[in-house]
Structure formats: C-alpha cells, structure tokens
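Hi,

Here is the structure I promised to pass on. Have a look first, and my notes follow below.

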Amino acid sequence: MGMTRTLLECSLSDKLCVIQEKQYEVIIVPTFLVTIFLILLGVILWLFIREQRTQQQRPGPRDIAPVPPSRDLSWEAAGHGGNVALPLKETSVENFLGATPALAKLQVPREQLSEVLEQICNGSYGPILRANMNTGDASKPKSVILKALKEPAGLHEVQDFLGRIQFHQYLGKHKNLVQLEGCCTEQLPLYMVLEDVAHGDLLNFLWTCRRDVMTMDGLLYDLTEKQVYHIGKQVLLALEFLQDKHLFHGDVAARNILIQSDLTAKLCGLGLAYEVYTRGAISSTQTIPLKWLAPERLLLKPAGIRADVYEDPTVLIIFITTGAPPYPEVPPASILQHLQKRKIMKRPSSCTRTMYGIMKSCWCWREAGRPSPRELRLRLEVAIKTADDKAVLQVPELVVPELYAAVAGIRVESLFYNYSML
Ligand SMILES: Nc1ncnc2c1ncn2[C@@H]1O[C@H](COP(=O)(O)OP(=O)(O)OP(=O)(O)O)[C@@H](O)[C@H]1O
C-alpha cells in the first residue's frame, strides 16, 4: 500500500523520487524473502534434530544386552558344546514380548521341555532341534521339534519370529501341514514348538530307498507308483489349503516334505508362504534353487499358486527317480534358456505315460495353462485307481550328496541329510 502510494506520489519527471522508490523495492522484498527462508530452514532443522533424538531413544538391535543361557534346556548336556540361548535381556524387548497376548494360550512351560536330543540342522531362524517334552507321564515323553531364534537377535528378528508363530496359529490345523504345538516366548530364548515328523524329509527318505533298507522304525522303504501318487496328492491337499487362504508355498521341494511312518506327507518350509501372508508377495531375499522354479519366477515376475503347481511335478519326478536331481543334463545357470526353448524334463523309464502326461500339463510355460492344485489332485486321484501297487521303484546307484548338490544347483549344507549315517 505504502509503495503504491509512493508510486502515485512520484511524478514521472521526478527521476530521483522513482530511483528511491525502486531502491526501497530492491532492499525490502529480498530481505523479507530471505527472513522467511531462514525461519523455514530453522523449523526444518529443529524437526530433523528432534526426530534424530527420538530415534536414538527408541530401542534398537544394538540395545540388546547379553543374558545367561536358559537352564531349562540341557543343550550343552546333549554334547554340542554350545548353547542355543539368546544373549538378550532388555527391558524393551521384554516389554515387547509381553505385548503379544495373542500367543498366551500357546505357551508351553519351559520346564516341560526337558532334554535336547539332537540338532537337526540350522534353519532360517536358527538351530532346529529335536527335544523331549514331558506329557505328565514320565515314562512317555513326547518328541518335539524346536525352532529356536538364533543369537544375537534384534527386535526386528524377534518380531518376525513371533509373527511366524502367529502365522502358524492363523493357518490352523491341516493334516498335511507341519503342526504347531505351542511356543516359549514369554521370556528369552524363544522357541517355536512343532510336532516331530520323525522320519524327516522326503529327499532323505528317497535316498534311503536306494539302499537295501527294507523297513526302519515301522517305515517301509519300498516305493510303488501308487505311493508316489498318494504322497503327491497329500502335498496338493496342503497347497489347496494354502490357496483357500490366498497364499502359496513358494518352495515345493522334496526337502520341504516330511514323511511319517504311515506315509503321511506334511509340508514344511513355510517361510515364503509367511512372506506372502505379510507382504502379499515373495521377496527375493531367500534363495531357491533355480531348477525348481517356475519360469515366471526365473524371470522375476510375480508368482502365485500355479508356480507351486509347476514345482510339484518336479517333486514327483524326483520321487519316481528316487531322489535324482532335476534336469541332470542342464547346468543350473542355463535352466532359464533351456525352458525358454520349451524343453521340459525327459521321461524317466520308471515314469508311466499317464504320470508323465500329468507332469507335462503342469510344466506349461504359461501359468494359466497349468491346472489348479485341486484339478491336479483330481487327476492324481483318477490315476491312483489304475496305478501299480506291486512293482517297487528301483534306482540302483547310491547318491553322493556332494555330486547331487552340484548337479541340482544347491548348497550341500542345505541337504540336512543323515543319509550318510545310516
Ligand atoms: N516338524 C518337523 N519334524 C521333523 N523334521 C523337521 C520338522 N521341521 C523341520 N524339520 C527338519 O528341518 C528342515 C528344515 O525345516 P524348515 O524348512 O521348516 O525350516 P526353516 O529353515 O526354518 O525354513 P522356513 O523358514 O522356510 O520354515 C527340514 O527339511 C527337516 O529336515
């Protein structure tokens, strides 16, 4: 207003007046703008510093301090020399654990877990152990599997581990999925308690079939075509169950199928299904052997249940060849090019044309061209009726795990085999 008035007051012939007025404009406006800018900068800086301070005060992984190992489980007594306890005692973590009431009814009192019998392997969270659980009758302890959270664990890992237990709880019971028995999460160390599927994974089972072993602990190591269908069907029932919950497994492989003495198959390795549950998709952080992957996954495209269907016949073929690696003639790194030429696994002599026909339908390049788990199961149920229940599948050579790992494109340590100990 003042400036306008001054302008109006200056006559155009009064040069001095016009110059003075412009000087006024040149000084006042930029000063005003600079001041605003400085105030804004100050506010932003203040907010930034305040946020930094709050973050420093928040509990983070580095805040976790060591605690002595739990005495409840005699891991050292089992002769392994170490302990599986988390070196963790931190108020914030304890508060955090206390804040998961959803798990309250799953708690297994630690004193019921009496003795660690063996370490099966190192799983994705930490050691996977076989332990005895007291059932009330001292003469009948029950064998269970403990998945422990390894040390050192940060809050994020603790959170993820608890989330995983809740995921099992969400899934509920299914005959063909490994069952959650409970958990020990009220204090550290943390354990997920699972039913013990004592005969271990299908791959080891198949390798044992190659030996002259007839029966072991009630399990018959003689496989017929009918049994192959029978186990395949159970895996598909588990996949249907996951599909009903809008999930998929993501790593269908013989190493993730556990076998009971009555040939009940149970799917384990639910890590990727949990990712689908929490994020709606699988990330690429977990490495799955290339030779097991459906084309869309090799191409890093989004995958779904029909990628599981693609992988399921890979299991069947491994089955029918009693644990031979898939695509033995193709180097693991060349598998995508191989599939892009629309080449599929050859029919082994032990595989009937009916079974191979079913497999081929699953190895369709296009996802939409593959059957759903239910359609596939129905086909297996038809095939089972005429399947051979007499002839035992025989592959004479023993497996050399190192060679298998190289041909299959997997790390030999990932084969949790006690095969060599038989
Ligand atoms: N309930 C069980 N009974 C017997 N053995 C088991 C059981 N659970 C796991 N195992 C053994 O441990 C191995 C690894 O299991 P699993 O893949 O479930 O663990 P993980 O590494 O924690 O993977 P994920 O995070 O995908 O579940 C299996 O191949 C099997 O040998």
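Let me start with the aromatic rings: Phe167, Tyr170, Tyr274 and Tyr277 are linked into a cluster by ring pairs (rings of Phe, Tyr and Trp, the last by its six-membered ring, pair if their centres lie within 6.5 Å; planes under 30 degrees apart count as stacked, over 60 as edge-to-face and the rest as tilted). Tyr170 also has the charged end of Lys245 over its ring, 5.2 Å from the centre (a charge sits over a ring if NZ of Lys or CZ of Arg is within 6 Å of the ring centre and within 35 degrees of the ring normal). Arg342 likewise lies over the face of Trp365, at 4.3 Å from the ring centre.

A word on the model: it is predicted, with local features needing pLDDT of at least 70 and side-chain atom pairs counting only at pLDDT 80 or more, while totals for chains, interfaces and linings use all residues. Residues are numbered from 1 along each chain as its sequence is written, and side-chain values use heavy atoms, leaving out hydrogens and water.

The structure holds five aromatic pairs. One of them is Tyr125 with Phe161, edge-to-face at 5.2 Å centre to centre and 75 degrees between the planes. Tyr125 lies in the loop between β1 (113–122) and β2 and Phe161 in helix α4 (residues 155–171), so this pair ties together parts that are 36 residues apart in sequence (helices are DSSP runs of H or I, at least four residues, and strands of E, at least two, numbered from the N terminus). Both Tyr125 and Phe161 are buried (under 20% relative accessible area, with exposed over 50% and partly exposed in between; 1.4 Å probe, protein chains only).

Best wishes
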